[in-house]
Amino acid sequence: MRPTTPAPSLPAPLLTLPPAAPSGRRLTALAALAAIALALAGAVAHAQPRPVTPRGPLDAQEQNNIAVFRKVSPSVVHITTLAQQRDFFSRNVTEVPSGTGTGFLWDEQGHVVTNFHVIRGASAAKVTLSDQSAYDANLVGVDPDRDLAVLRIAAPREKLLPVPMGASKDLLVGQTVYAIGNPFGLDQTLTRGIVSALNREIESMTQRTIRGAIQTDAAINPGNSGGPLLDSAGRLIGVNTSIYSPSGGSNGIGFAIPADEVNRVVPQLIKHGRVIRPALGLTAGTEQLRQVLRLPKGVVLIGLRSGGSAQRAGLQAFSRGRDGRIVGGDVITAVNGRPVADLDELLNELEERQVGDKVTLSVWNGGKTRQVQAQLGSD
């Protein structure tokens, strides 16, 4: 006889009803089955996408955020700097990316403004516009004392949309400001904040003091350097240059070079490649020398340029006699009545004037102070 094949087993039902269960118990089981069916149907219904709740119109602040970004972002560029690198084995020289930063279009001739420290030490630079088209950049001029630099690209004129120019002299603490840049290499990022303080002093890479800096709490992260700081109308009011942060990230304390200073320096960089500053033609001694000689606060003269303004005005520099002893000279203590404690303050005073202007110097020598007229030359 053939072996009998067992019938395939069926999956156990979700609920087994006893055949001889009383009618009441059978009704309860049927109710439970109905509840399970309803739950399953509800689960299927809830798995569907939820309808979108309509929202009202954007508020005024949101609308302005969007308007400023749309207006100015086409004027903001991404800068990639390149450095030369020599292959150890082949000795071939190639250019490799060395850093990134932000800049903005200054005019329709292709001039791009950024920070000096963004392009410092670079052998070349590329500028990427908001439409992702990239162009080789030529260096036009730099002002390390103000941490500003100007590049130029040969892009089609229709792509060159300058940032609208604003002013910094009439800013008020509490005004809304925007920063557009490329933090951490991310493209076209907008942050918003306020003017936290005015007339701050920050130090450039040459240790010169940049006065009148704008402090803002708008997030300025690495890569934002050289980008525009804008007012609520989308006008340029400063160039983002640094943050105060022990960690290297934005802690809500950022600084920008004021637009009035930028508008004074950039045209000179385009025209001359450098800033032509009024000068007196002198060499100043160190703070240590001033303290050793117990001289008053001011600029200790230790050298005069032949034919320079200071020499023509009759100023005298400290020197050494034949016996090696120091022969007393002049210390400039004020310009037009405004005290100057060191060379940095003297240079800041002179930069507010033009070549050819006349100034009155307060000059200390041997315990006596005299007034000297001098006509400013060029550096």
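A residue is termed buried at under 20% relative accessible area, exposed at over 50% and partly exposed in between (1.4 Å probe, protein chains only). By this criterion Glu349 is buried, at 4% relative accessibility. The structure is a predicted model, in which local features need pLDDT of at least 70, side-chain atom pairs count only at pLDDT 80 or more, and totals for chains, interfaces and linings use all residues. Residues are numbered from 1 along each chain as its sequence is written, and side-chain values use heavy atoms, with hydrogens and water left out.

Salt bridges were assigned where a side-chain nitrogen of Lys or Arg lies within 4 Å of a carboxyl oxygen of Asp or Glu. The count is 22. Glu349 pairs with Arg353, with 3.7 Å between the closest N and O atoms. Arg353 is also buried, at 15%.

Arg208 takes part in two of the assigned pairs. Its relative accessible area is 9%, which places Arg208 among buried residues. The salt bridge to Glu351 has an N to O distance of 3.5 Å. Glu351 sits in the loop between helix H7 (343–350) and strand S20 (358–365), so this pair ties together parts 143 residues apart in sequence. Helices (H or I, at least four residues) and strands (E, at least two) are DSSP runs, numbered from the N terminus. Glu351 is buried, at 8%.

The salt bridge from Arg208 to Asp145 spans 3.4 Å between the closest N and O atoms. Arg208 lies in the loop between strands S8 (189–203) and S9 (209–216), and Asp145 in the loop between S5 (134–143) and S6 (148–153), so parts 63 residues apart in sequence are tied together. Asp145 is buried, at 16%.

Arg208, Asp145 and Glu351 belong to a network of salt bridges, whose members also include Asp143, Arg146, Glu261, Arg264, Arg277 and Asp344.
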